[in-house]
There are 2 protein chains.
Amino acid sequence: MGRALRCAHFGLGPIGQAIARLALETPGITIVSAADLSPDRAGKDLGEVLGLPRRLRIRVRDDMDRRLSKLRADVAILATSSSLSECKELLIKLIKKGLHVVTTCEELAYPIPGNQAAFKTLDREARAKKVTLLSTGVNPGFAMDALPLMLTAPCSEVRRISATRVVDLAARRRSLQRKAGAGLSVHQFRRALAEGNVRHVGLLQSTHMIAHTLGWKLDRIDETIEPVIAPRDLDTEQIRVPAGAVSGIKQYARAYRKGELIVSLDLQLYVGAEAPRDHILVDGAPPLDVTIAGGIGGDAATAAIAMNCLPKLLVARPGVRTINEISLLHRMNPSEMAAAMKRGGKYVT
Amino acid sequence: MGRALRCAHFGLGPIGQAIARLALETPGITIVSAADLSPDRAGKDLGEVLGLPRRLRIRVRDDMDRRLSKLRADVAILATSSSLSECKELLIKLIKKGLHVVTTCEELAYPIPGNQAAFKTLDREARAKKVTLLSTGVNPGFAMDALPLMLTAPCSEVRRISATRVVDLAARRRSLQRKAGAGLSVHQFRRALAEGNVRHVGLLQSTHMIAHTLGWKLDRIDETIEPVIAPRDLDTEQIRVPAGAVSGIKQYARAYRKGELIVSLDLQLYVGAEAPRDHILVDGAPPLDVTIAGGIGGDAATAAIAMNCLPKLLVARPGVRTINEISLLHRMNPSEMAAAMKRGGKYVT
């Protein structure tokens with residue numbers, strides 16, 4: 001086996017930490033640096049930040065880019081923000097430094113109107129440096145876009161794609177509960193919604209990925225967010241939602257083509273959601289009616305998919321790639337990883 | 001839009017016919033020739049063979065390769081046999097002629113011990129002529145291999161993959177019922193089994209595809225076939241199975257790694273099967289428990305997936321490609337097809 005893949009981690013929130021923990025367990029990968037702006041984490045040893053019983057002798061830096069010139073890494077793993085505009089400047093620096101980038105930034109999952117210029121800039125920079133940038137995650141990136149797309153492969157006609165993802169927030173991290181407004185009064189929820197503080201980012205990206213990949217020109221996409229009201233007091237380890245307060249959200253994207261509903265995505269994130277699941281319906285010939293009982297796990301799955309992308313990233317064409325362009329994604333194969341490292345930039349997919 | 005993709009069809013059994021019907025409906029594709037050895041079809045107009053109300057002015061040839069030198073085509077679509085050794089000679093001629101090939105030949109879905117030399121020969125010839133050969137279909141090729149693999153993408157660990165496919169043969173074509181031994185007495189079934197006349201071809205290919213893609217070295221694979229005995233008289237449009245006779249088969253592949261069962265494929269093909277479905281269980285972290293209610297349709301789906309592969313085939317690396325190497329497969333996008341035609345051999349995936 002050749003040398004290890006050197007990963008530089010940016011952002012050590014719950015997802016960033018989960019990715020770093022997986023990186024530590026993965027043969028052929030070595031963490032060379034870690035950065036996080038939060039005063040809770042910056043300055044500490046990475047082992048402590050990850051809740052490990054041992055020190056890793058990697059001090060979590062309190063800046064993202066001051067010492068980039070000294071960084072010797074192959075891949076940057078960026079898990080800082082859902083917002084493309086918040087990530088863009090750092091992404092360009094990382095690309096200019098010659099690093100491949102894997103990111104969980106939701107807005108990078110697929111170009112949508114308003115973000116296309118930023119995609120073009122990043123793509124141009126990445127192609128110039130012959131590196132690849134890939135956004136990945138369970139949602140967007142898998143459950144409500146790549147997987148539904150894959151499920152159209154056996155169809156000679158597709159009239160509509162519907163995906164419903166129901167997540168019980170009871171056991172999920174506090175920050176996700178907060179993003180879904182769990183625990184707020186209805187009044188507080190309305191204000192938070194107006195301020196853009198409750199919402200999942202990604203339904204528009206998923207909708208555009210599906211439509212564009214299948215060659216569908218959309219008339220319009222409607223996105224709506226509604227509060228779910230707790231029918232009774234809901235107590236979880238991390239949060240108490242009194243009856244009548246908000247337990248989470250239902251967020252919908254509805255895309256129309258020639259006046260017909262053609263993509264319908266329903267995301268339900270709330271405390272006490274019954275029958276958590278992913279359900280995908282391909283209304284086509286033949287139809288496919290697919291249920292994932294319990295749903296595809298959240299943060300752990302997003303961390304895993306980010307890691308599993310690494311060998312694919314190393315052999316992908318330079319530029320900004322989206323998940324629909326990558327060859328069949330699967331749990332990382334250690335020999336594939338080693339082969340990708342050996343190939344050293346000779347892309348094959 | 002540029003010129004159409006010229007397809008030459010070899011084999012017009014039920015699957016070959018279904019593919020040809022789809023090809024006729026697909027903008028950007030034109031059928032330039034068709035061949036079938038069966039006296040029922042050879043010599044007739046293709047429209048008649050396909051059961052269309054119109055002539056297509058394409059006479060179904062009664063040979064496969066005598067007039068290949070005159071053929072002007074881009075892609076050969078081969079749906080003649082499950083057996084690689086039966087297809088190999090023609091495949092080499094088609095490749096040498098400079099044609100891409102899509103085939104539903106099950107043994108080409110993935111190289112397994114015993115077939116690897118033939119794969120190498122075909123791969124060498126295809127690379128020399130810069131064309132691509134791809135085997136495709138629902139099973140093998142999707143339901144019990146590519147889709148289970150894709151479902152491991154969100155996992156940081158996979159301990160076992162199980163796939164169960166239950167197909168009610170009542171409404172399926174007579175040749176598939178025959179392959180499953182439906183209607184035979186138990187005695188006749190035993191003889192047909194010993195002679196190799198009842199079985200599905202593909203479980204070993206699927207098992208190897210899964211294991212090899214995930215980097216699993218297998219100790220061994222056990223494949224078994226059992227008859228299903230009709231509990232009562234079963235009447236279908238095409239066949240009557242008396243109580244006590246064979247209504248179909250249960251065929252299993254079990255693969256072991258370090259003594260542990262790691263891939264488990266169950267294919268149940270019988271008349272009167274209850275709750276037809278595809279069920280995939282990824283025993284991993286996180287686990288995924290996926291059910292496709294009713295199952296993924298058979299022949300129509302295999303024909304569709306073969307068509308949907310065409311744009312991917314045109315931009316794939318030359319050589320023998322397997323479905324796990326192709327970028328995310330989905331219902332064909334007409335613009336992708338046109339773009340692939342324009343690219344004319346400049347492969348991108």
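Predicted model: local features only at pLDDT ≥ 70, side-chain atom pairs only at ≥ 80, totals over all residues.

Tutor: Residues are numbered from 1 along each chain as its sequence is written, chains are lettered from A and ligands numbered from 1 in the order in which they are written, and side-chain values use heavy atoms, with hydrogens and water left out.

Student: Which domains does the assignment give for chain A?

Tutor: Domain bounds come from an automatic or database domain assignment. For chain A, domain 1 comprises 5–137 + 300–343, and domain 2 comprises 146–295. Their C-alpha centres lie 26 Å apart.

Student: How many residues of domain 1 of chain A are in contact with domain 2 of chain A?

Tutor: Contact means heavy atoms within 4.5 Å. Here 14 residues of domain 1 of chain A are in contact with 13 residues of domain 2 of chain A. Buried area is the accessible area (1.4 Å probe) that two parts lose on being put together, summed over both. The two domains of chain A bury about 1100 Å² between them, with 72% of it on carbon and sulfur atoms. On the side of domain 1, Glu106(A), Tyr110(A) and Ile112(A) lose the most area to domain 2, together 44% of what that side buries.

Student: How many salt bridges does the rule find between domain 1 and domain 2 of chain A?

Tutor: A salt bridge is a side-chain nitrogen of Lys or Arg within 4 Å of a carboxyl oxygen of Asp or Glu. Between these two domains of chain A the rule finds zero salt bridges. A polar contact is a pair of N or O atoms within 3.5 Å; within protein, one must be able to donate a hydrogen and the other to accept it, and residues adjacent in sequence count only if both atoms are side-chain atoms. Two residue pairs are in polar contact between domain 1 and domain 2 of chain A (both at pLDDT 80 or more).

Student: What area is buried between chain A and chain B?

Tutor: The area is about 3600 Å², of which carbon and sulfur atoms give 67%. Met150(A), Leu328(A) and Arg331(A) supply 17% of the area that chain A buries against chain B, more than any other three residues. In this interface, 47 residues of chain A are in contact with 47 residues of chain B. The rule finds zero salt bridges across it, whereas 17 residue pairs are in polar contact (both at pLDDT 80 or more).

Student: Which element gives the largest share of the side of chain A that touches chain B?

Tutor: Helices (H or I, at least four residues) and strands (E, at least two) are DSSP runs, numbered from the N terminus. The largest share comes from β13(A), with six residues. Two strands pair if DSSP finds at least two bridges between them. β13(A) pairs with β13 of chain B (residues 288–293) in the antiparallel sense over three bridges, and Val290(A) stands opposite Ile292(B) in β13(B).

Student: Where does Pro140(A) lie, and which peptide bond there is cis?

Tutor: Pro140(A) is in the loop between β5 (132–135) and α5 of chain A. The cis bond joins Asn139(A) and Pro140(A), and omega is about 0°. In chain B, the peptide bond from Ala285(B) to Pro286(B) is cis, with omega near -10°.
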